[in-house]
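Biologist: I have the sequence and the structure open. Could we go through the main features together?

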Amino acid sequence: EAEALEPGLTDHWHAAYGIDICGTLEPPFTNDADPNGTHTHGDGVMHIHPGAAQQVARAGEDATLGVFMSAAGAELTDDSITVPGPDGEPVTYTEGEDQCDGEDGQVQVAYWANASEANDTDPQVFTEDLAAIFFQNDREAYTIAFVPEGGEILPPATVDELDELAGIDGGTTVSTPSTTVPATTLPGGSTTAVPGDSTTTAPPAG
């Protein structure tokens, strides 16, 4: 019997997200296109329900940060982040080219299994296979960051409002996220731990 995909076509999950550029959280994306079932309402929340796909549903391990970024008119690679600028034109931050206050910036993704704990706990920090990071549970939090290596990554501004914001399109909690995620089930590739944490290596996503 085939293993059920999560998130599947009947799931409706929500995750808080932020874009941290050199220690400043960028405004949330306003593009609400949803070609593959993961979108936003300009609210700083990823709405993940593959069954709402307008074109091809991306479920299970195919529901990724890369899918979300593309739907929002942005792009994430292991060495660059491209986001819409104030004038609507894309702005790209690239490792080896751009700096934060004189320090080289690094593209990273910070992950909290439980968004409600993001302001009080250290995240897992990923530096590889970033676009392939797939969603594990309802009510997670992610910050996509361009900051110096080892620098602080800000949690999403919406972590304390996630339950309220999740109601915008009628979402309901499908499962309760655990506060401890075993390394063998974490999304993404190898991680670089934040100061004070041990380095964790997880299998590639997707």
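Predicted model: local features only at pLDDT ≥ 70, side-chain atom pairs only at ≥ 80, totals over all residues.

Biologist: Where is Asp129 in the fold?
Modeller: Asp129 sits in the loop between strand S10 (124-126) and strand S11 (140-148).

Biologist: Which residues form the negative surface patch?
Modeller: The patch is made up of Asp78, Asp79, Glu97, Glu128 and Asp129.

Biologist: Let us turn to the overall make-up. How many helices and strands are there?
Modeller: The secondary structure comprises two helices and eleven strands. Read from the N terminus, the elements follow the order β-β-β-β-α-β-β-β-β-β-β-β-α.

Biologist: What share of the residues is buried?
Modeller: Of the 206 residues in the protein, 49% are buried.

Biologist: Now the cysteines. How many disulfides are there?
Modeller: The count is one disulfide. Cys22 and Cys100 form this link, with their sulfur atoms 2.0 Å apart.

Biologist: Which parts of the chain does the pair link?
Modeller: The pair links distant parts of the chain, 78 residues apart. Cys22 is in the loop between strand S1 (13-21) and strand S2 (24-25), and Cys100 is in strand S8 (residues 99-100).

Biologist: Is the link of Cys22 and Cys100 left-handed or right-handed?
Modeller: The link is left-handed, with -70° about the S-S bond.

Biologist: And is Cys100 buried or exposed?
Modeller: Cys100 is buried, because its relative accessibility is 5% and the buried class is under 20%. Cys22, by contrast, counts as partly exposed at 29% relative accessibility.

Biologist: What is the phi of Cys22?
Modeller: Cys22 has a positive phi of about 55°, although the residue is not a glycine. Asp101 also has a positive phi, about 50°, and is not a glycine either.

Biologist: Where is Asp101?
Modeller: Asp101 is in the loop between S8 and strand S9 (103-112). With a relative accessible area of 81%, Asp101 is exposed.

Biologist: A change of topic: how many salt bridges are there?
Modeller: There are two salt bridges. In general, side chains of opposite charge can pair when their charged atoms come close. Asp138 pairs with Arg139, and their closest N and O atoms are 2.8 Å apart. Asp163 also forms a salt bridge with Arg139, again with the closest N and O atoms 2.8 Å apart.

Biologist: Is Asp163 buried or exposed?
Modeller: Asp163 counts as exposed, at 57% relative accessibility. Arg139, on the other hand, is buried, with a relative accessible area of 11%. Asp138 is buried as well.

Biologist: Next, Ile21. Where does Ile21 lie?
Modeller: Ile21 lies in strand S1 and is buried, with a relative accessible area of 7%. Ile21 and Leu154 are 133 residues apart in sequence, and their C-alpha atoms are 9.6 Å apart in space.

Biologist: Lastly, which residues does a cis peptide bond join?
Modeller: A cis peptide bond joins Glu6 and Pro7, with omega at about 0°. Pro7 belongs to the segment before S1.

Terms used: Residues numbered from 1 in each chain as written. Heavy atoms only, no water. Patch = residues over 30% accessible without salt bridge, like charges linked within 9 Å, V, L, I, M, F, W, Y side chains within 5 Å. Areas by Shrake-Rupley, 256 points an atom, 1.4 Å probe, with all protein chains shown as cover. Salt bridge = Lys/Arg side-chain N within 4 Å of Asp/Glu carboxyl O. Lys, Arg positive; Asp, Glu negative; His and termini not counted. Charge placed at Lys NZ, Arg CZ, Asp CG, Glu CD. Helix = DSSP H or I, 4+ residues; strand = E, 2+ residues; numbered from the N terminus. Disulfide = S-S within 2.5 Å. Buried < 20%, exposed > 50% of the residue type's maximum accessible area, 1.4 Å probe, protein only.
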